[in-house]
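Good morning, everyone, and thank you for making time.

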Amino acid sequence: MAESLPESRQHDLLRKPELASKFPDAVELHHSPVILICGHGGRDMRCGVMAPVLEKQFQEVLEARGIFTSPGTDEGVVDSPDRAYIGLISHIGGHKYAGNVIVYIPNGMKYGDSTVPHPLAGKGIWYGRIEPRHVEGIVEETILNGRVMGIFGRVQSRESVPSRTPLAPGAWKTNLSRPLPFLGSSCYHRHLASTTTPAKPGRLDLRALDKKWQAKWQADGAGGVGLTEGGSSHTQGTREPDGSEKPKFYVLSMFPYPSGTLHMGHLRVYTISDLLARFYRMRGHEVLHPMGWDAFGLPAENAAIERGIDPAKWTMDNIAKMKEQLRKISTSFNWDREIATCNPEFYEHTQRLFLRLYEKDLAYQAEAMVNYDPIDKTVLANEQVDANGFSWRSGARVEKLKLRQWFFRITAFKETLLKDLDSLADGWPERVLSMQRNWLGKSYGAKIKFPLVVEGNGGQHVDIEVFTTRPDTLYGVEYLALALDHPIVLEAAKKDEGLQKFLQEAASFPPDSKAGYKLSNVSVTHPLRAIDPESPHIAPSLPVFVAPYVLSDYGEGAVMGVPGHDSRDFLFFKENANPSSISLVIEAESGSDSAKPITQEGVLNSRCGKYHGLHSREAGKQIVNDLKATGGGDFVEQWRLRDWLISRQRYWGAPIPIITAETAVLSPCQKRTFQ
């Protein structure tokens, strides 16, 4: 086999005369293939164990094809294509892997019964990690058909291996009654040397292989794991051989929205759940691994409108496509437990739960200011409106409308929700728990009454209640801000064209906008004049602004502005009032920047009358108690949590089982009515 080595290496070997003396009976083969199997023990002794097994397997496979085998030590060597030689050698590929085999095709070997040279003539091919199940493929493909089976494996040394190409369609054809074994991912090869130009390998038809095995798995039920249509999820049996029940395990993935096409995110998520399901089945568990479809939604409705078809047909067609795609990645779902949220058999349970909430006054209708998409004609969450006030769905400018909507009264459980977070302290990251607490937003403060006067129509007097966590800063209040949909604002807009234009444009303002609109016919009296009427530092009247940053559902949709002690108020007041100076009522700590608001607690200064010298916490308590005595304020508890607005669908959504009569009376349906 020296001819298969590089010329420089041949020269090094052949110039040594001692080689001839050590191998006086050496015979040069020109027609007989040679299989060399590593017989060394290796680090884990597996080569030593595997070698005789592989030798026997090669003998059986070769002789089944009419090729007689002879051990490498036989006398009377016959050099013929119907004779193969098997030998055990040491240290092929080092000690790292077991099952190393070299297949050598001599220079004179022909392709079958023809006179055409064998495609691998003059080559030695190294296959690593070979097991008995791989032998048939090596004999058929490499020895008989001249193809290197590198597509299935890894290469140990990239520097010494030429690039590999797939086998051609039909490369696995054989006259055997059983299919050829598959060289799995543990098998790899390397060309040892070559003195001829390698033949172009064929191409493996992976699609045909996949189709073949998918059909077999579906026909067999994949061992009872629910791959067959309508197959029982209990085909594995629910009891052990001794009659005891198998342990149960439930694997539930998030149901996909039936867009019609799987993406890599789907593949990742369902691979993880499938691994868990298969793992527990192998451990003897009875596993339930269902699949379903989160099938309602506005995208399906819009797509159906564009195509002039029913959303139900569009959705069900997409489900069929995605179901077939999930089958093709060989997931082991229990398809007999399949559900789709758009089916009446499913959403009747949703309706039943809704009615139970309605009976307990936990589902109700109320008017609310919402983000309305005029193109999609639906309500949007705040997260669906971009920084410029446009819908991320349709691109339309979002409108602020007051609509009658359905809500779930989740605020009824706010204390329970907050308290139960403590039970998660040992298993959840503190960052997540903190986010949840902030979302619930429990805070303690005070509600302060601001007497407001609307000029005209006899001078309307209204008390506006404002929630604050910093009553100690009341001496620094410079203005009052109202939400866009506050009743006072909406009433004023009827006579103020400038305000109407501002309200129309406000929906497109970015979240951090400091834009405001001063109400010309509305003023408010400073609440502290009720308890400190002689103070020269309390303005008799404060301006009232309309401000997009004020949330209508926080408190009563009104916020007191303290520019000296709140960063947002500071920027808003400078932009809209252009003051010559801003009052500070909390003493600045040493080193504080006097050009910026002082937002931390401190000691009240001389502008605060009898509260001068008190710390913020003590001063806040005394101020609120004094206001409480005059009916101007009180201590309260406030939450950021709001009831859940659920009126987000248009047509293609779970029907709300309530009938609205002409008299606007709501009547619950006692059975499934909408389908």
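What we have here is a predicted model, in which local features need pLDDT of at least 70 and side-chain atom pairs count only at pLDDT 80 or more, while totals for chains, interfaces and linings use all residues. Residues are numbered from 1 along each chain as its sequence is written, and side-chain values use heavy atoms, with hydrogens and water left out.

The pLDDT is the predictor's confidence in each residue, on a scale from 0 to 100, and for the protein chain its mean is 80, with 78% of the residues reaching 70 or more. Over residues 151-199, however, pLDDT stays under 50, although the model has 133 contacts beyond four places in sequence for them, a contact being heavy atoms within 4.5 Å. Where pLDDT is low, the predicted coordinates should not be read in detail.

Let me turn to the sheet. Helices (H or I, at least four residues) and strands (E, at least two) are DSSP runs, numbered from the N terminus, and two strands pair if DSSP finds at least two bridges between them. Here 4 strands form an open sheet in the order 12-11-13-21, with antiparallel pairing. Strand 12 (378-380) and strand 21 (644-645) each have a single partner strand, so at these edges one side of each is left without a neighbour in the sheet. Between strand 11 (residues 363-373) and strand 12 there are 3 bridges, and Asn371 stands opposite Leu380 in strand 12.

Which residue forms a salt bridge with Glu415? That residue is Lys442, and the closest N and O atoms are 3.0 Å apart; a salt bridge is a side-chain nitrogen of Lys or Arg within 4 Å of a carboxyl oxygen of Asp or Glu. Because Glu415 lies in helix 10 (residues 414-420) and Lys442 in the loop between helix 11 (430-440) and strand 14 (443-454), the pair ties together parts that are 27 residues apart in sequence.

Lys442 also forms a salt bridge with Glu637, with the closest N and O atoms 3.7 Å apart. Glu637 lies in strand 20 (residues 633-638), so this pair ties together parts that are 195 residues apart in sequence. Lys442, at 29% relative accessibility, counts as partly exposed, and so does Glu637, at 36%; buried means under 20% relative accessible area, exposed over 50%, and partly exposed in between (1.4 Å probe, protein chains only).
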